[in-house]
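Dear colleague,

I am handing over the structure that we spoke about, and it is pasted in just below. Please look through it first, and then read my notes alongside it.

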Amino acid sequence: MKVFCQSAPLEPGDLLIRMHNLVGAAVDISGPSPDSGARWTCHGCGESSREAVTFWYTRGEASAHAAQCRAVYHRLH
């Protein structure tokens, strides 16, 4: 069984990397540049990093989250 989001969220202007969690929800890493502070946000469960830190550290945290998260946000009408 494959589950996926109905639509991908808009890409923020400062998007550095977009990866996907186990069910296809976007996990974005954003920041001004890879050399400065970056933050991650999961569009499946809404969790995010608490503060902007180095890109490489943020990437590791976001990847670990994406590898375990099974949440996918669907708007209920």
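The notes below go from the chain as a whole to single residues.

This is a predicted model, in which local features need pLDDT of at least 70 and side-chain atom pairs count only at pLDDT 80 or more, while totals for chains, interfaces and linings use all residues. Residues are numbered from 1 along each chain as its sequence is written, and side-chain values use heavy atoms, with hydrogens and water left out.

**The chain as a whole**

The chain contains one helix and three strands, and along the sequence these follow the pattern β-β-β-α. Helices (H or I, at least four residues) and strands (E, at least two) are DSSP runs, numbered from the N terminus. Of the 77 residues, 29% count as buried, where buried means under 20% relative accessible area, exposed means over 50%, and partly exposed lies in between (1.4 Å probe, protein chains only). The chain exposes about 5300 Å², and carbon and sulfur atoms supply 54% of that area; the areas come from the Shrake-Rupley method with a 1.4 Å probe, and for residues only the protein chains shown count as cover. Among contacts (heavy atoms within 4.5 Å) between residues at least 6 apart in sequence, 32% join residues at least 24 apart.

**The sheet and the helix**

The three strands form an open sheet in the order 1-2-3, with antiparallel pairing; two strands are taken to pair if DSSP finds at least two bridges between them. Strand 1 (15–20) and strand 3 (39–42) are the edge strands, each of which pairs on one side only. Neighbouring strands of this sheet are turned by 20° against each other on average, with direction ignored. Helix 1 packs on the sheet, where it touches strand 1, strand 2 and strand 3, and the helix direction makes about 20° with that of strand 1. For these angles, axes are lines fitted to C-alpha atoms, for helices over the stretch in contact, and the angles run from 0 to 180 degrees between N-to-C directions.

Strand 1 and strand 2 run antiparallel and are joined by five bridges, and His20 stands opposite Ala26 in strand 2. Their hairpin has five residues between the strands, and within this hairpin Gly24 takes a positive phi near 95°. Strand 2 (residues 26–30) also pairs with strand 3, in the antiparallel sense and over four bridges; here Asp28 stands opposite Thr41, and the bridge partner of Ile29 is Trp40.

**Cysteines and His65**

Which cysteine sulfur is closest to that of Cys45? It is the sulfur of Cys42, at 3.8 Å, which is too far for a bond. The sulfur of Cys69 also has that of Cys42 as its closest cysteine sulfur, at 3.9 Å, again too far for a bond. The structure accordingly holds zero disulfides, a disulfide being a pair of cysteine sulfur atoms within 2.5 Å. Cys45 counts as partly exposed because its relative accessibility is 38%, while Cys69 is buried, with a relative accessible area of 8%.

His65 lies in helix 1 and counts as buried, at 13% relative accessibility. Leaving aside residues up to four places away in sequence, His65 touches Trp40, Cys42, Cys45 and Glu47.

The structure holds one aromatic pair. The rings of Phe55 and Trp56 have their centres 4.8 Å apart and their planes at 75°, so the pair is edge-to-face. Rings of Phe, Tyr and Trp (its six-membered ring) pair if their centres lie within 6.5 Å, and planes under 30 degrees apart count as stacked, over 60 as edge-to-face and the rest as tilted. Phe55 is buried, with a relative accessible area of 6%, whereas Trp56 counts as exposed, at 60% relative accessibility.

Arg70 is found in the segment after helix 1 (55–68) and counts as exposed, because its relative accessibility is 64%. Not counting residues up to four places away in sequence, Arg70 touches Leu22 and Val23. The C-alpha atoms of Arg70 and Val23 are separated by 5.7 Å, although these residues are 47 apart along the chain.
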